[in-house]
Amino acid sequence: MPSLSSRALAGRRGELGAVAAELAAALPAAVLALAIAVGAVAAAAAQVGLEQAAGAAARAAGRSDDPGAYADGAALRLETRGELVCAVLERSVLGGALTLSATGCAHAGGR
């Protein structure tokens, strides 16, 4: 007859197997959540950079300089709104899964 300690040890081995199975089931979800979080931070950083570039491009257009020098590879569109000149920048991020857009306006005093 097996002793009490060997039965307890066998029960614990079964629990360890259950823990490993639960970890194997939860690991893909944890990796996916981490990837989404990293992608969100990268998209937010790209949006901040795009906003700054749009403002710089609008100021350059207001001075009659080349606003394309500030577009940094983003699609640039200029719009006139009364006395303002606005630069609209668009860029795809995350492998084309998301398109970011930013608008910056400045007084068109240089025109």
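Which residue takes a positive phi in the hairpin of β1 and β2? I looked at the turn and found G82, with phi near 65°. This hairpin has 2 residues between the strands. I note at the outset that the model is predicted.

**Overall layout**

I then stepped back to the whole chain. I counted 1 helix and 3 strands. From the N terminus on, the order is α-β-β-β. Of the 111 residues, 23% count as buried.

**The sheet**

I traced the strands next. The 3 strands form an open sheet in the order β1-β2-β3, with antiparallel pairing. β1 (75–81) and β3 (98–107) stand at the edges. Each has a single partner strand, so one side of each lacks a neighbour in the sheet. On average, neighbouring strands are turned by 20° against each other, direction ignored. In general, strands of a sheet pair through backbone hydrogen bonds.

I went through the pairs one by one. β1 and β2 (residues 84–93) are joined by 7 bridges and run antiparallel. L78 has A87 as its bridge partner in β2. R81 has L84 as its bridge partner in β2.

β2 and β3 pair over 10 bridges, also in the antiparallel sense. Here I picked out C86, whose bridge partner in β3 is C105. The hairpin of β2 and β3 has 4 residues between the strands. In this hairpin L94 takes a positive phi, near 55°.

**A patch on the surface**

L23, L27 and V31 form a nonpolar patch on the surface. Together they have about 300 Å² of accessible area. I checked V31 by itself. V31 lies in helix α1 (residues 4–62). Its relative accessibility is 51%, so V31 counts as exposed, the cut-off being over 50%.

**Salt bridges**

How many salt bridges are there? The count comes to 4. I looked at several.

R63 pairs with D65, the closest N and O atoms being 3.0 Å apart. R63 is partly exposed, with a relative accessible area of 43%. D65 is also partly exposed, at 39% relative accessibility.

D72 pairs with R91, with the closest N and O atoms 3.9 Å apart. This pair links distant parts of the chain, 19 residues apart. D72 is in the loop between α1 and β1, while R91 is in strand β2. Is D72 buried or exposed? D72 counts as exposed, at 62% relative accessibility. R91 counts as partly exposed, at 24%.

E79 pairs with R81, the closest N and O atoms being 2.6 Å apart. Both ends are partly exposed: E79 has 22% relative accessibility, and R81 has 43%. I followed this pair further. Salt bridges that share partners join R77, E79 and R81 into one network.

**Last look**

Key: Residues are numbered from 1 along each chain as its sequence is written. This is a predicted model: local features need pLDDT of at least 70, side-chain atom pairs count only at pLDDT 80 or more; totals for chains, interfaces and linings use all residues. Side-chain values use heavy atoms; hydrogens and water are left out. Two strands pair if DSSP finds at least two bridges between them. Axes are lines fitted to C-alpha atoms, for helices over the stretch in contact, and angles run from 0 to 180 degrees between N-to-C directions. Patches are made of residues with over 30% relative accessible area and no salt bridge: like charges are joined within 9 Å, nonpolar side chains (Val, Leu, Ile, Met, Phe, Trp, Tyr) within 5 Å. Accessible areas come from the Shrake-Rupley method with a 1.4 Å probe; for residues, only the protein chains shown count as cover. A salt bridge is a side-chain nitrogen of Lys or Arg within 4 Å of a carboxyl oxygen of Asp or Glu. Buried means under 20% relative accessible area, exposed over 50%, partly exposed in between (1.4 Å probe, protein chains only).
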